[in-house]
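User: I am new to this structure and would like to know what stands behind the words used for it. Please take me through the terms one by one.

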Amino acid sequence: MSFAAHIISAYPDMFPGPLGESLHGRALADGLWRIETHDLRNFGAGKHKNIDDTPAGGGPGMVLRADVAAAALDSVTTGHDDLPVILPSPRGVPFGQTLAHEWAQGDGLIFLCNRFEGVDERFIAARQPLEVSLGDYVLAGGELAAMVMLEATLRLVPGVMGKLESGTDESFSPANDGLLEYPQFTRPQSFEGRDIPDLVTSGDHEKLAAWRRAQAETLTQSRRPDLWADFVKRKK
Ligand code: SAH
C-alpha cells in the first residue's frame, strides 16, 4: 500500500505543487505515495457555503468554523481512522526529523490546513488533532507547512529516495547521533584557489570517516549548542 497524503484545504489547487517535481514527483508518478485533496469549501455552511466567521468576543480576522472543520475531517477519517491527523499551527509541538522518521513508518497522514486566525478551539477539543509547528514564525496558512512536513517525511518513505543511506546518515538523524552533517565537496578539485582537503580524496576510508565525524561534532558544537547539549547528555 502506498503512503497516502490527505490534504483538507480551501486551496486544494496548491497541491501537489512542489511535491510534484523532482524526487517526490517521480515517486508520486511511480505510485510510491499518493495525494488526495479535499476542498474545505465543499463543507461550508448555509447558502453561501461559509467556512469562516468573525471571532466570538471580537478581534481581528476570521476563524474557521468548528462544524465545517469537523465535517471535512470526518469525511476523510471515515475509512482512514488509523492515520494521524495533523493541524499545522504555530502553537503546536515543533516539527523535526524524529517526527518525520516516525510518520514515514506509517501508512499516511491527514493535514487540516487552515488560514485566517486559526480554527474554533472546540474543533480541536472534539477531534484532538496533533498540532504541529514549523517554527517560531507565523505563516498565512497551513498549506506550505503541510508541504514542508510532507517533503521531509516522504523522502524517508521506503523507495522514495534511491539510496536509503542518504535518509539515515544525515543531519539530525539517530544514525548520525543527532549531529549536523559534515561538509561535502565535488568537482572541480580546485575552485578559486581552494582545493578539496587531501584527506577527502586520499582513499583512506577510516581516516575520512574520523575526519567527517570530527567536522560534524565541531559544526554542531559551534552552530547548534542545543543539539550539542542533547548529544553530550545522551553520551553520558
Ligand atoms: N493567529 C494565529 C496565527 C494564524 S496564521 C496565532 O497567532 O497563533 C494562519 C494559519 O497558518 C494557522 O492557523 C496555521 O494553520 C498556519 N501556520 C502559521 N504559522 C505556522 C507555523 N509556524 N507552523 C505551522 N503552521 C502555521
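User: Why is Phe172 called partly exposed?

Analyst: Buried means under 20% relative accessible area, exposed means over 50%, and partly exposed is in between (1.4 Å probe, protein chains only). Phe172 has a relative accessible area of 38%, so Phe172 is partly exposed. Note that this is a predicted model: local features need pLDDT of at least 70, side-chain atom pairs count only at pLDDT 80 or more, and totals for chains, interfaces and linings use all residues. Residues are numbered from 1 along each chain as its sequence is written, and side-chain values use heavy atoms, with hydrogens and water left out.

User: Where does Phe172 lie, and what is its phi?

Analyst: Phe172 sits in the loop between α6 and β8. Its phi is positive, about 70°, although Phe172 is not a glycine.

User: What makes something a helix or a strand here?

Analyst: Both are DSSP runs, numbered from the N terminus. A helix is H or I over at least four residues; a strand is E over at least two. The protein has nine helices and nine strands.

User: Is Ala66 buried or exposed, and how do you know?

Analyst: Ala66 has a relative accessible area of 16%, so Ala66 is buried. This residue belongs to helix α2 (residues 66-77).

User: What does Ala66 touch?

Analyst: Contact means heavy atoms within 4.5 Å. Ala66 touches Asp120 and Phe123, not counting residues up to four places away in sequence. Ala66 and Ile124 are 58 residues apart in sequence, yet 8.2 Å apart in space, C-alpha to C-alpha.

User: How far is Pro129 from Val160?

Analyst: The two are 31 residues apart in sequence and 27 Å apart in space, C-alpha to C-alpha.

User: How do you know that the buried residues of α1 line one face of the helix?

Analyst: In helix α1 (residues 22-29), the buried residues are His24, Gly25 and Ala27. Seen down the axis of α1, they fall within an arc of 165°, so they line one face. The arc is that of the directions from the helix axis to the C-beta atoms.

User: What is on the other side of α1, and what does the buried side pack against?

Analyst: Ser22, Arg26 and Ala29 are exposed on the other side. The buried residues of α1 pack against β2 (33-39) and α5 (142-154). Just after α1, Gly31 takes a positive phi of about 80°.

User: What makes two strands a pair?

Analyst: Two strands pair if DSSP finds at least two bridges between them. Strand β5 (residues 85-94) and strand β6 (residues 108-112) pair in the parallel sense over two bridges. Val85 has Ile110 in β6 as its bridge partner. Five bridges join β5 to strand β7 (residues 130-133), and these run parallel. Pro88 stands opposite Val132 in β7.

User: Which peptide bonds are cis?

Analyst: One joins Phe15 and Pro16, with omega about 0°. Pro16 lies in the loop between β1 (3-9) and α1. Another runs from Arg187 to Pro188, with omega near -5°. Pro188 lies in the loop between α6 (165-168) and β8 (190-191).

User: How much of the whole protein is buried, and how many contacts join residues at least 24 apart?

Analyst: Of the 236 residues, 40% count as buried. Among contacts between residues at least 6 apart in sequence, 73% join residues at least 24 apart.

User: What box do the C-alpha atoms fill?

Analyst: Roughly 70 × 40 × 40 Å, taken along the principal axes.
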